[in-house]
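Please keep the sequence and the model in view while reading the numbered points.

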Amino acid sequence: MTLLTNIDKYKVRQAFAQSATTYDDFAYLQRTVAAELLRRSGLPKLHGKVVDLGCGTGYLTQLLSELGGFSHLWGLDIAPAMLSMAIKRELASVSYLCADLEQLPIQSNSIDWLFSSLALQWCLDLPATLREYQRVLRPGGQLCFATFGEATLQELKQAWRAVDRAPHVNAFYAEADLLELLRTGGWQNITLSKQDYQCQYGSVHSLLRELKGLGAQHVLQGRQSQLMGKARWKTMLDAYPKLDETGKIIATYEVIWVQATVVK
Ligand SMILES: C[S@@+](CC[C@H](N)C(=O)[O-])C[C@H]1O[C@@H](n2cnc3c(N)ncnc32)[C@H](O)[C@@H]1O
């Protein structure tokens, strides 16, 4: 199963570039998810060559560098401005690659570990991307990633349904579909786990501000109020379920962690 998406990579790259200096101020959940990725992968004993795909400002790259044991670690991201923030961490034995995580400028059978935290949801073609990861991993190499599941931003999706049936929020893979994708792709020793995080915001606007600060506004398909028309925008804001009369809201983020081995 391949999810159809209208993600525009140029815009994704631009949005993350613009949010590079604000990203860490908003990225509480992202830090938690990255730390959980290592914990749920059993705090792996790293060896050989390791890549952090979609490394952003380098939080997971730093956690990986602190685990040690590898011969080399690369942080890879499509947005140079995010990489500039990661470089400021001055991590030893770490280099950075500005590249697309769907087409790696990396030799076949050369990598021992691939990690990625909350970046693969930006793939245009996840099945093809997973095949690319099989290409670069050595036999027995490990893929460990965290991504968003289908319940992510379900309240926002529901609020938009009061306006129309168009997809205003990106679609995310369901856990069962991810499992199927990995199984049919020939991955072995597959483990998946998931958890819902419910984050509270003062208003729908604060949620949207945070998504923008994280560079994730393109999770929202179509664009903001000017293109939507004010009336439709207000209908969505009114329909978003509120916790109380002050307008506080909850947004759900379903996180799925995956580990799998490549067999060749
Ligand atoms: C939500 S951030 C996560 C960053 C980091 N892994 C973390 O956990 O804080 C997503 C990152 O993926 C990068 N990204 C998105 N699409 C990408 C692509 N096609 N290739 C490489 N990086 C990509 C973005 O530039 C951004 O830095």
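1. Within helix α9, the buried residues are V204, S206, L207, L208, E210, L211 and G213. Here, buried means under 20% relative accessible area, exposed means over 50%, and partly exposed covers the values in between (1.4 Å probe, protein chains only). Because 7 of the 10 residues of α9 are buried, this helix is largely enclosed by the rest of the structure. Helices (H or I, at least four residues) and strands (E, at least two) are DSSP runs, numbered from the N terminus.

2. A word on the basis of these values is in order. The model is predicted, so that local features need pLDDT of at least 70 and side-chain atom pairs count only at pLDDT 80 or more, whereas totals for chains, interfaces and linings use all residues. Residues are numbered from 1 along each chain as its sequence is written, and side-chain values use heavy atoms, with hydrogens and water left out.

3. What covers the buried residues of α9? The cover includes the helices α1 (9-19), α2 (23-26), α7 (154-161) and α11, together with the strands β6 (188-201) and β7 (249-261). Contact means heavy atoms within 4.5 Å.

4. Two packed helices are described by the angle between their axes and the distance between the axes. Helix α9 (residues 204-213) and helix α11 (residues 230-239) pack at an angle of about 105°, and their axes are 10 Å apart. The axes are lines fitted to C-alpha atoms, for helices over the stretch in contact, and angles run from 0 to 180 degrees between N-to-C directions. The two helices are therefore roughly perpendicular to each other; angles of 65 to 115 degrees count as such, those under 35 as roughly parallel, those over 145 as roughly antiparallel and the rest as oblique. On the α9 side the contact is made by V204, H205 and L208, and on the α11 side by W233, M236 and L237. These residues divide into 5 nonpolar, 1 polar and no charged. In this scheme Ala, Val, Leu, Ile, Met, Phe, Trp, Tyr, Cys and Pro count as nonpolar, Asp, Glu, Lys and Arg as charged, and the others, Gly among them, as polar.

5. S203, in the loop between β6 and α9, caps the N-terminal end of the helix, with a side-chain oxygen 3.3 Å from the backbone nitrogen of H205. A polar contact is a pair of N or O atoms within 3.5 Å; within protein, one must be able to donate a hydrogen and the other to accept it, and residues adjacent in sequence count only if both atoms are side-chain atoms. S203 is partly exposed, with a relative accessible area of 22%, and touches G247 and I249, not counting residues up to four places away in sequence. After α9 comes G215, whose phi is positive, near 80°.

6. F26 lies in α2 and is partly exposed at 26% relative accessible area. Leaving aside its neighbours within four places in sequence, F26 is in contact with E210, G213 and L214. D24 also lies in α2 and is partly exposed at 28%; not counting residues up to four places away in sequence, D24 touches R31, T57 and R89.

7. Where is E36 placed? E36 is in helix α3 (residues 28-40). This residue counts as buried, at 15% relative accessibility, and touches Y197 and W257, not counting residues up to four places away in sequence.

8. Most residues other than glycine have a negative phi, and most peptide bonds are trans. S93, in the loop between α5 (80-87) and β3 (94-98), has a positive phi near 55° and is partly exposed, with a relative accessible area of 43%. L118, in the loop between β4 (111-117) and α6 (126-136), has a positive phi near 55° but is buried, with a relative accessible area of 10%.

9. How many disulfides are counted? A disulfide is a covalent bond between the sulfur atoms of two cysteines. When a disulfide is taken as a pair of cysteine sulfur atoms within 2.5 Å, the count is 0. C123 is in no disulfide, and the nearest cysteine sulfur, that of C55, is 15 Å away. At 8% relative accessibility, C123 counts as buried.
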